[in-house]
Amino acid sequence: MKRFISNILTGVVGVASAACLWSCSDESPFDADGVGTVHLRTVVNSITTRAEDDADAADRDEYLRRNCVVYISGDEGLVYKEKGLDNVNPSIPLKSGHYVAEAWSGDSVTASFDKMFFRGYQPFDVTKGSESNVVVNCQIRNVVVSVNTASINTELIQDYNIKVKNTRGDLEFDTSNAGTDRGYFMMPNGDSDLEYDIEVVRIDGQTFTKSGKIENVQSAHHYILNFTYDNMGSTGGSAGYVFFEIKIKDENLSNSVVTVPSAPTVSGVDFDADKQLVALTDESIPDELALKICGFGDGLDEISIDPGSNFAFNDDASTYQKSLEKGINIIKASTDKTDNYHHAGITCVNPKYNATTNVSTAYLKFSKDFISHLSARDTEHVINVKVTDVSRRTTVKPIRIARADAAIAYEDPVVLKPLDTDANPMAVSATSASLTFTLGDSYEGQPGVEYRKDGDPDTSWSFVAANVPAAAPRRAPWKAPSLQSVTITGLEPGTTYQYRACCGDFHSGDVYTLTTEAKFIIPYADMETWNAFTIDGQKNCTLPGIDADEFWGNGNPGAAKAGVTLTQGSSEMLHSGSLSAKLRSQKATVLGIGKFAAGNLFAGTYVKTDGTDGVLRFGRPYNGSHPSALRVWVNYRPGVVEVKTVDAVKDYIQNGDMDKGQIYWALTTAPVDIRTKTKNQKLFNSADEEVLAYGEYSFDESFGSDGVLQELIIPIEYNVKAQTQKPTHLVIVCSASKYGDYFIGGEGSTMYVDDFELVY
């Protein structure tokens, strides 16, 4: 529902960052025991991507609005989640406690000229009976780079190319785009600098190059590359010798605010304006029916009502009908027009502007006398309230009133919310589905969900009960719906199911479908297929698979320079079939330098050898499913560490200790680059931005009986990012020496692995 997503300018951003909660005295408290109500607003602060026109800006804002994901988590985990700012509930009842509201929008891309990423984070507390507003201020998370083309002297330089890069991506600026485009970078974990390579063609045709770094870059900062020159005198050409330097200008974008706009909101005071008001007797009619109307940023321009053909008074109230003229702008109408409305029992408290929150608030009120003169007919009365702000954003709110038993709308006692796996990727797994529904306070029977396989209408429905008690029959309007959930288990992978809400004798006519995730089958998981390949110029590098770059990688290409094979197929010890993978740590000498090399196997590729060090890429394309664990059969025997330990690992392992092995696995949104060279070392970190889930097992001693592989199940833990992003890559890493990245371990440490399988 479209509520409380406002156009907030710089003033409210300052308030939001300092104290993002303020009391709302104009609305009555949510009076359920131990519960408070939160009104959530999300502000996406955007900056101009280029010299764009209004249409480009509108398209960008609409994209950010549509793709923003908002969620609230508490001590018990995720309690609320929605994708799209227009779908966020205006009032969210929460139990007393501490919560965090977060929001993401845009695209987290390593390097792009047009994709930006925004993120906001705001803790808050809920107390019994309270009402509070929470603002989640989404700031840009990119590092932004541009080129000041005005600093490029075209009398000295005729052409140029500027490449800006981090360890995972790059962007190129040249004469076609440098004057208009900004580059947006998401920095990989461990990266602190952006590098640039510049090639300049002088006016006489000579080419010069220069490289440098923008050091210690920060998100929400704009780094502008400026050219400076020093003409050192003639070198025989008319242009002279041009020596250029790059100066970096750093702009903080934290206060850059161009927000996603929002339409006005209309909410009930002391009643739910989304529900039908039942007014059968004078006693049930409120003394006053009041609507709170809010306009954001630009202020309100129009409030009008349409009492149309679906609205009628009693025969003795014809004067009321005559007093109502359709479409009158109440806040700008002449006195005689508004007097007619007052005579009919309709008043409007004109908008008041709050400079602190940048919100304009008005109240539209209908008297008890007005409601009592509505006819007691068999259909409900509908008053359409239309609100338009200065920017011409419009909201039309139908106010529904029943004056007779036959006009009462008895809505479904259980209403399912269709699954949106884009907004909640973990709602459906290979074997289960978590569904949410609203449950009215008046229902009979046991609420729950029915499901069956799609495509066979004769198949009987299976029932899963919600964790709420069954209720006895009661006939009353549906008033205060509560959000409930139910999980269907025991589903088959890659299968489509129908599902619907039910409660006692009620079976919803709305039937939805869901498709469970397909299991991901790990290629060459049985370790039966091995071949020798030429990789990075090294021959006879053994890998599982038919082609060299299918799924598995290992350190054999680097070790091959020393005539050593670290990992190979073996029949010495196995779980099934005829082969397993044998990973053996060894000492190797390359270019006269002796180094320790860990026996290893990983899902990924060996990119190249950098001197005596390896450059690897962990992760292979993945189907996006959500397994619970990795199963593998293992035998491990450690050797004695005979290498002097380095500071990074001396607290974990020492010379003379028994070696340690490790298997870890992860689901990520991108492959992970690994560099073992000490100077530019980049190792895997489970806290990296692209990691959505991680599990590991460390072997601190021998594992498995002599000559036997033992089953090992490694559970995986999903982090909060997995609630909004789907994994695109699978990482599996096995090492006979856990600290082999630091060239520390025991000679002869050996690990056998066989039959990898994801558990769902």
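Two strands count as paired here if DSSP finds at least two bridges between them. Strands (E, at least two residues) and helices (H or I, at least four) are DSSP runs, numbered from the N terminus. Keep in mind that this is a predicted model, where local features need pLDDT of at least 70, side-chain atom pairs count only at pLDDT 80 or more, and totals for chains, interfaces and linings use all residues. Residues are numbered from 1 along each chain as its sequence is written, and side-chain values use heavy atoms, with hydrogens and water left out.

Strands of a sheet pair through backbone hydrogen bonds, either parallel or antiparallel. Here are two antiparallel pairs:

| Pair | Bridges | Residues standing opposite |
|---|---|---|
| β3 (residues 69-74) and β4 (residues 77-83) | 6 bridges | Val70 and Glu82 |
| β21 (300-306) and β24 (residues 381-389) | 6 bridges | Ile305 and Val385 |

What joins β3 to β4? That would be a hairpin, running through 2 residues.

The β21 and β24 pair belongs to an open sheet of 4 strands, with mixed pairing and the order β19-β25-β24-β21. At its edges sit β19 (277-278) and β21, each pairing on one side only.

Now for the loop. Arg182 lies between β12 (170-174) and β13 (183-185). Is Arg182 buried, exposed or partly exposed? Its relative accessibility is 22%, so Arg182 counts as partly exposed; buried means under 20% relative accessible area, exposed over 50%, and partly exposed in between (1.4 Å probe, protein chains only). Although Arg182 and Val144 are 38 residues apart along the chain, their C-alpha atoms are separated by 6.6 Å.
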